[in-house]
Structure formats: C-alpha cells, structure tokens
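Visitor: I am new to protein models and would like to learn how to read one. Could you walk me through it step by step?

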Amino acid sequence: MSAQSQKARAAEAALDYIEDGMIVGLGSGSTAALFVKALGRRCAAGDLSVKGIPTSRETEEIAREAGVPLIPIEQADRIDVAVDGADEVDGSFRLIKGGGGCLLREKIIADAADYMIVLIDETKLVETLGAFALPVEIDPFGWTITAKKVFDALRRASVERPLVDIRRQGDRSEPFITDGGHYILDCACNAITDPEAVDAELSALPGVVDHGLFLDQARVVIVGEDEDVRILEL
C-alpha cells in the first residue's frame, strides 16, 4: 500500500478523537489536508459540529472548500485539539516539522491546544531525528549572519558537519517566504542526538523566529499502515 493510502487511514482514524463543539487546530501539509477533507465530510453529513483554526493560507483554502467552519484564532479562548502531520517522529514523540514552510503557525496552534494528534505513515517513524533537514524560520534582516550563527549553534549542540542552506522558491531564484513573511533555513543534520540541546541553542539566537523541533507537544501519534492504523499514546 502506498504512503498516501497509509496517511488516509491515519486521517480517518483521527476523527475518533473529534467531538461536537470542539475547536480544532488544522495543520498544514499533505497528511493534514487529508484530515481536513475527512473532517469536512463529517461536518457536511451533520455528524459533527466543530470550528477549525487553520495554520496556513493553504489549509484555510482547503478547509473552506471542504466545508469546515473556521474562526480566526483571535476569537478562540482555547483550542481543544490540534491535528497535524510530521516529517519525522521518534520514540519519545519528538518531531521534526516544517517541510511545508508553516512551522511557526503550526507550533503556535500545537502549543495552545489541550493536546496534539500527529498523523503519519510508517516511514516517518525514526530512531533518531535528523535525516530530514531541520527547518529554521528566521527574520530576513541579516539572514546570512543568522545562518552562520545557526551553523555554529548546531555544532555546539553536537551536530556533526551540519549543512545550512536558505530555502528557495520553486524556480530557485528568490528565497521562500512563509505566511508570516520570514525565510527558512534548511539544516541538514544527518542525526540530532540531543534535540533538547539543539532546541535551546537555536531558541537563544537573535534572528531565529522558531524551528521545526516540536518537543513535549504530541500526545497521540496515529501511524497509518497497510491494513490498519497503530495508535501510540503518551
């Protein structure tokens, strides 16, 4: 079975955690999009009445097309659950996210939610984070200086021979711009043996807005498999 089919299984399984009246944080990316569409079908059928808060303009468009009612985050006094995908998940539910460029808003929603559900196919489960390049969202001002400081910070956090590169638009000419107007550095780390140290080092840097390590946020990981799903809970 393809990874896409596994993701679809995980997205459908996440609906079991959604209850009437909930405010749901809607993640970004291909797996989150499958969940948003499945949620829209349940809302259209009258099975669920929820309000969604999207983490990106792309997710907002998908949600509107799917028929998921949306509210601005400023109108929410709480978020019941955030549902999102991940680029990597280790055995302690530490994540790398941000491959789609929405990590800052995804992290704001995940941190505000009572709990976070992560949807993945089985290829995203890893023993050690870092094979997927770690995204770091930065302010455009002085980005070359910030990139050098990010490199040095990764070295201090015991990442061997990191490679730090600015993410480009599809035509490779201009830097990729996030919904918040920031740049993204993609940091090839190979292995992140101490995610907490990397978190501390990067978070302390002026110019770094946030990074794609999500620590102590996921509470449920739903792994799509060929025949079923595997539910992992902390």
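**Reading strands, sheets and charges**

Guide: Happy to! Keep in mind that this is a predicted model. Let us begin with strand S3, residues 79-85, which is mostly covered: seven of its seven residues are buried.

Visitor: What does "buried" stand for here?

Guide: A residue is called buried when its relative accessible area is under 20%, and exposed when that value is over 50%; partly exposed lies in between.

Visitor: Which strands are joined to S3, and how do they run?

Guide: Strand S1, residues 23-26, is joined to S3 by three bridges, and the two run parallel. To see one of these pairs, look for Gly25, whose bridge partner in S3 is Ala82. Strand S6, residues 113-121, also runs parallel to S3, with six bridges between them. Here you can look for Val83, whose bridge partner in S6 is Ile117.

Visitor: And where do the side chains of a strand point?

Guide: In a regular strand, side chains alternate between the two faces of the sheet.

Visitor: What is the strand order in the open sheet of three strands?

Guide: The order is S4-S5-S11, and the pairing is antiparallel. Strand S4 (88-89) and strand S11 (213-214) stand at the edges with a single partner strand each, so one side of each has no neighbour in the sheet. Between S4 and strand S5, residues 95-96, there are two bridges. Val89 is the residue that stands opposite Leu95 in S5.

Visitor: Now the charges, please. How many salt bridges are there?

Guide: For a salt bridge, a side-chain nitrogen of Lys or Arg must be within 4 Å of a carboxyl oxygen of Asp or Glu. By this rule the count is 16 salt bridges. One of them is between the side chains of Arg41 and Glu12, at 3.0 Å from N to O. Arg41 belongs to helix H2 (residues 30-44) and Glu12 to helix H1 (residues 3-14), so this pair ties together parts that are 29 residues apart in sequence. Glu12 has 37% relative accessibility, so this residue counts as partly exposed.

Visitor: What about Asp84, back in strand S3?

Guide: The side chain of Asp84 meets that of Lys97 in a salt bridge of 3.1 Å, N to O. The pair links distant parts of the chain, 13 residues apart, with Lys97 in the loop between S5 and helix H4 (103-112). Both Asp84 and Lys97 are buried. Salt bridges that share partners also join Arg78, Asp80 and Asp114 into one network.

Visitor: Which residues form the negative surface patch?

Guide: The negative patch is formed by Glu122, Asp226, Glu227 and Asp228. Find Glu227 in the loop between strand S12 (218-224) and strand S13 (229-233). Glu227 has a relative accessible area of 66%, so this residue is exposed.

Methods. Residues are numbered from 1 along each chain as its sequence is written. This is a predicted model: local features need pLDDT of at least 70, side-chain atom pairs count only at pLDDT 80 or more; totals for chains, interfaces and linings use all residues. Side-chain values use heavy atoms; hydrogens and water are left out. Patches are made of residues with over 30% relative accessible area and no salt bridge: like charges are joined within 9 Å, nonpolar side chains (Val, Leu, Ile, Met, Phe, Trp, Tyr) within 5 Å. Accessible areas come from the Shrake-Rupley method with a 1.4 Å probe; for residues, only the protein chains shown count as cover. Lys and Arg count as positive and Asp and Glu as negative; His and the chain ends are not counted. The place of a charge is taken as NZ of Lys, CZ of Arg, CG of Asp or CD of Glu. Helices (H or I, at least four residues) and strands (E, at least two) are DSSP runs, numbered from the N terminus. Buried means under 20% relative accessible area, exposed over 50%, partly exposed in between (1.4 Å probe, protein chains only). Two strands pair if DSSP finds at least two bridges between them.
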